Amino acid sequence: MVSILYVFHCSTIGGGSYCLLNILKALDRSKYNPIVLLAKKGPLVEEINNLNIPVNFLNSLDSIPYNLPIFSIDVIRRYRNINKSITEYQRIINEIKPDIVYINSMMLSPYLKASKEAGFKTIIHIREHWPLNENKFQLARVQKFVQKYADKVVAINKFSSKQVPYCDSKTTIVYDWIDFNDRYKEIPFQDIFHEDLSDKKVILFTGGHAQNKGALDVVSLFSKRFCDTNLRLLILGEDKTVYGKTIKDKVKIFLSKIGIRRYYGYELNKLINKDKRIVCIPNIYELQHIMEQCFCLVSYFKIPHANLALAESIILKTVAVAAETEESQEYSNGGRLAFLFKMNNPDEFVDAVNNVFVHYTSMKERLKAESNTIALLFDKNNNIAQLNTVYESLIENKEFI
């Protein structure tokens, strides 16, 4: 039996956590014995425990700052804390003695070195989009770790596979597979909005209240530029938040009101409360019915990132609007299956949404005819098979069996 230690710093349920969870669920337990190392407890832990997989914790486990300038107290502190955590990390992995260490983020690359020097085979999973012309010194350090200490690289798309040069021979693209077999639950919109929506159009935004996903931009543009009373905006990912309960909260609200320091969450919530057409609900794993009911999906990523919701909507033949990136081009068949707009350009976003109204029927027909190409790209069985080839390539030597 080959043991694999999966290392990740997040215990919340998000993109990287969903990916790790899917990987663990798909693992052939007759061949592999999985173990997980996380920084702390969280919702992910319960999900892993339900799979009867042991979870270990390293409180000091942390990721390097993602594409941030080096000359910042917080950034320097993060790098220093990671270096301090390596000794304890080495102690833990030497106790576990896995055959393979699977690092679940490029931002955990310093732990590759410790794993490799301890004598273990290593895999790193790259899902990040670090612009190659920004903060080059920090990126070069990450690339060096991957080049030197990763036996295998798993990348979630074509762009991610090019994040580290000179690694083509050891890199395999494994898309975050999309499987809707257990993601359907009857959730009529009338139960969410508490009104008859038969003559109305619902626009879906799955970015919650996240700043990097442009929640404030979407809400502001919806309220100011799309005033049709028959339109609704459903924000999936977070319920409405009540601000002003604590003294700290009240101080932050006061500073925001007088223009000293913007309080993002409060400003966003204020806009949401002003527009009765907007409804927020917590994240739902069984989102197929919601996505099928909506008029269109919109996203407004502030930084380049893999947009899995875009691929999900296309597979479900739901019209989508997204910022144009290498990933969205790949996920939408070169822009044929979605309305793409220039990133961080509010006017182009508005134009793209307006194009949905004008070309809705023709785009739906195109989705029906061509969306299968994206479904194959994100097919569960195909991608699990690809991941298994990565494992198998590391255990060909019989000493691992």
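**Exercise 1.** In which helix do Phe-189 and Phe-193 both lie, and how many residues apart are they?

*Solution.* The model is predicted.
Step 1: Helix α7 covers residues 189–193, and both Phe-189 and Phe-193 belong to this helix.
Step 2: The two residues are 4 apart, which is about one turn of the helix.

**Exercise 2.** Determine how many aromatic pairs the whole structure has, and classify the pair of Phe-189 and Phe-193.

*Solution.* Step 1: The search of the whole structure gives 15 aromatic pairs.
Step 2: For Phe-189 and Phe-193, the centres are 6.0 Å apart and the angle between the planes is 85 degrees.
Step 3: Planes over 60 degrees apart count as edge-to-face, and the pair of Phe-189 and Phe-193 is accordingly edge-to-face.
Step 4: Both Phe-189 and Phe-193 are buried.

**Exercise 3.** Explain why the rings of Phe-295 and Phe-357 count as a stacked pair, and state which parts they tie together.

*Solution.* Step 1: The ring centres of Phe-295 and Phe-357 lie 5.2 Å apart with planes at 25 degrees, so the pair is stacked; the cut-off for stacking is under 30 degrees.
Step 2: Because Phe-295 lies in the loop between α11 (288–293) and β11 (296–298), and Phe-357 in helix α14 (residues 346–370), the pair ties together parts 62 residues apart in sequence.
Step 3: Phe-295 has 8% relative accessibility and counts as buried, whereas Phe-357, at 32%, counts as partly exposed.

**Exercise 4.** Identify which charged end sits over the ring of Phe-295, and which sits over the ring of Tyr-285.

*Solution.* Step 1: Over Phe-295 sits the charged end of Lys-201, 5.5 Å from the ring centre.
Step 2: Over Tyr-285 sits the charged end of Arg-183, 4.7 Å from the ring centre.

Definitions and conventions:
Residues are numbered from 1 along each chain as its sequence is written. This is a predicted model: local features need pLDDT of at least 70, side-chain atom pairs count only at pLDDT 80 or more; totals for chains, interfaces and linings use all residues. Side-chain values use heavy atoms; hydrogens and water are left out. Rings of Phe, Tyr and Trp (its six-membered ring) pair if their centres lie within 6.5 Å; planes under 30 degrees apart count as stacked, over 60 as edge-to-face and the rest as tilted. Buried means under 20% relative accessible area, exposed over 50%, partly exposed in between (1.4 Å probe, protein chains only). A charge sits over a ring if NZ of Lys or CZ of Arg is within 6 Å of the ring centre and within 35 degrees of the ring normal.
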